[in-house]
Amino acid sequence: MTTYQTALGALGDPTRRAIVEVLAGGPRAVGELARDLPVSRPAVSQHLKVLKDAELVIDRRAGTRRVYQLDPAGIGELRAWLDRFWTDALDAYRAAVEQPEEH
Amino acid sequence: MPSIDTSATIRKTITVDAPRERAFEVFTAGHGKWWPAQYHIGTSEFETAVIEPGEGGRWYERGADGTECNWGRVLVWDPPDRLVLAWQISAAWQFDAELVTEVEVRFVAESPQRTRVELEHRHLDRYREQADAMRSTFDAPQGWSGILEQYAAATRS
């Protein structure tokens, strides 16, 4: 249960959601994330720590760099996926409801 | 931070320019018209998604080749107020009768022509329980480790 509370809190921040979305495309080093997002490198590191504590991401050392990726064993990834999924689905639903009625 | 009872729960709210009756109708009878086609678990190309009306109704997708793939079922059917669906899709993207997470959809009138749709996907902790249950199955003496020990013993004899 703690994991879900943590994961939910972790994804309540738009920058952290953006990081998770970037990482859904594949592993990235901290510097790469800082380059692709409008946040400083120290800020990215802070966000990554929160995501790691929430079991959403894992990290490994690659030479001098630290590379982050979504935690394949973490339920957090599934949860993040579902969160994005329902946003997409409800947007599509609204478009359908607001279409002129067929007669 | 959300309050404590939001653990294991995803909440989404959207407001639509339509009366509640139409909002409910499009969500259910019109399900296949709006469901994003890229979100499906069947192996065949997605054709439509169906929520059968009434408690106990099936919730499933139909592929282009006619095969049907269950997603869950209707737990509460209370038009135009409320709908509760069982989402029984495992983390491995397969229907799992043992897994029941719930999707509740409430249709709240903000005005006669405007409806707030509140969606709650809850009991996601059951994914964790399921993962733990699977792990303990594999770890049990009669599970994989036991089978491998027997195999190892057999190779020694």
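Chain B has four helices and seven strands, where helices (H or I, at least four residues) and strands (E, at least two) are DSSP runs numbered from the N terminus. The model is predicted: local features need pLDDT of at least 70, side-chain atom pairs count only at pLDDT 80 or more, and totals for chains, interfaces and linings use all residues. Residues are numbered from 1 along each chain as its sequence is written, while chains are lettered from A and ligands numbered from 1 in the order in which they are written.

**Exercise 1.** Describe the overall organisation of chain B.

Step 1. Of the 157 residues in chain B, 20% are buried (20 or more other C-beta atoms within 10 Å of the residue's own; exposed means 12 or fewer, partly exposed in between, with C-beta atoms placed from the backbone).
Step 2. Contacts require C-beta atoms, placed from the backbone, within 7 Å. Of the contacts in chain B between residues at least 6 apart in sequence, 36% join residues at least 24 apart.

**Exercise 2.** Trace the strand pairings of β4(B) with β3(B) and with β5(B).

Step 1. Strands pair if DSSP finds at least two bridges between them. Five bridges connect β3 (residues 58-63) and β4 (residues 68-78) of chain B in the antiparallel sense, and Arg58(B) has Arg73(B) as its bridge partner.
Step 2. These two strands form a hairpin with four residues between them, and Gly66(B) in the turn has a positive phi of about 90°.
Step 3. β4(B) also runs antiparallel to β5 (residues 82-87) of chain B, with six bridges; Trp77(B) is partnered by Leu83(B) in β5(B). A hairpin through three residues joins β4(B) to β5(B).

**Exercise 3.** Which residues of helix α2 in chain A are buried, and why do they line one face?

Step 1. In α2(A), residues 14-23, the buried residues are Arg16(A), Ile19(A), Val20(A) and Leu23(A).
Step 2. Viewed down the axis of α2(A), the buried residues fall within an arc of 100°, so they line one face of the helix; the arc is that of the directions from the helix axis to the C-beta atoms.
Step 3. Pro14(A) and Glu21(A) are exposed on the face turned away from the buried side.

**Exercise 4.** Determine the strand order of the open sheet in chain A.

Step 1. The order of its three strands is β1-β3-β2, with antiparallel pairing.
Step 2. β1 (28-29) and β2 (57-62) of chain A are at the edges, each with a single partner strand, so one side of each is left without a neighbour in the sheet.
Step 3. Two bridges pair β1(A) with β3(A), residues 65-70, and Ala29(A) stands opposite Val67(A).

Note on methods: Contact = placed C-beta atoms within 7 Å.
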